[in-house]
Amino acid sequence: MPSITQPAAPCHVPGTAEEVLLGVDTHKDVHAAAVVTVPGAVLDGRSFPATAEGYRQLVAWARSFGTLRRAGVECTGSYGAALARHLRAEGVEVIEVNQPDKAARRRHGKTDAVDAEAAARAVLSGRATATAKTSDGPVEMLRLFKLAKSSAVKSRTQTINQLKSILVSVDPALRELLAGLSNPRLVKRCAELDGQTATGPSAAARHTLRLLAGRIQYLTKEIDDLNKQIAAVVKATAPGLLDVYGAGPDSAAALLIAAGDNPERLASEASFAALCGTSPVEASSGKTQRRRLNRGGDRQANAALYRIVLSRLRWDHRTQDYLQRRLTEGKTRRETIRCLKRYIAREIYRLIVLTRQAPDHQAPAEATT
């Protein structure tokens, strides 16, 4: 493959055991790679196709410069996911690298070679330290099931809205026949309409209603099947997670997806809270000492924690008492909910991470809120 880096000759001695770092800028069809020594010298850079053979060539090429133990890879959850799995199978630690800083990009320009070198230097400098998700276990199964379910639910909602909008303008006789029915009964009744030849607007409306109702029924069966698959995977992966008060299969799946297939990469329960966007952020200045809500992190996981909090605020007396106590102390409802999400994140972390690390796989004692 053609070289894409600096014209200077590589400053390495073949066959030496010098440690090198690999940086990769990933794309859909081609990955740009750069090899950097520990002192920071750029040895070489090349591009490789995003194929199984291209991955093998990339690793062999990088190891020709020395010992390869770490690699900084961009987009490990999308374009770089397959490459990250291949590198881990080769015994290389994969570090997730964010896109380069925009200010630095404006100063140094933007090319694939520059981005690949920047990925390696991010690992070398310690700016990038997060271990990439493995995406090769049951949590990846959950992510795919959730992806399919989300699109199915969206399509079903759109189809139901279309069906009801047609009912607004159909013949009064048909509209009165279907008036006052619940959604399931309405869909069933529309699916049973006779399939007349579309000889006019009235017949075309009946035909369209029957087709839309059939589509809704199909999507409902698909969603029900995905719900069963999600619940089964959650139960097998984290047995105690569904026993958490207020946590259903969807919320549990979102939290597992945030942690990933290798939750041991999370150093502490505080890191999991930050990942879920429930950790407070300092916003002090001068004489004002305060913390604001964290609006970063995985928003799907944050929404899952919020749903659990709402369930507990409605049904759990301990959580209701906690809310009243914090309101009395001067906290706002929003700040109190943030505190509750932080407590629940600690409880979820123990179930996800510590349960997997325990040799007997027994769930730890439940944390109180």
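I call a residue buried under 20% relative accessible area, exposed over 50% and partly exposed in between (1.4 Å probe, protein chains only).

**Ground rules.** I am reading a predicted model, so I ask pLDDT of at least 70 for local features and 80 or more for side-chain atom pairs, while totals for chains, interfaces and linings use all residues. Residues are numbered from 1 along each chain as its sequence is written, and side-chain values use heavy atoms, with hydrogens and water left out.

**Whole chain.** I looked up the secondary structure and found 13 helices and 7 strands; helices (H or I, at least four residues) and strands (E, at least two) are DSSP runs, numbered from the N terminus. Of the 369 residues, 40% count as buried. I then checked contacts (heavy atoms within 4.5 Å): among those between residues at least 6 apart in sequence, 62% join residues at least 24 apart.

**Helix H9.** Next I went to residues 249-259, where 9 of the 11 residues are buried. The buried ones are Ser251, Ala252, Ala253, Ala254, Leu255, Leu256, Ile257, Ala258 and Ala259. Glycine 260 follows H9 with a positive phi, near 90°.

**Helix H4.** Buried here are Ala113, Asp115, Ala116, Glu117, Ala119, Ala120, Ala122 and Val123. Just after H4, I noted glycine 126 with a positive phi of about 90°.
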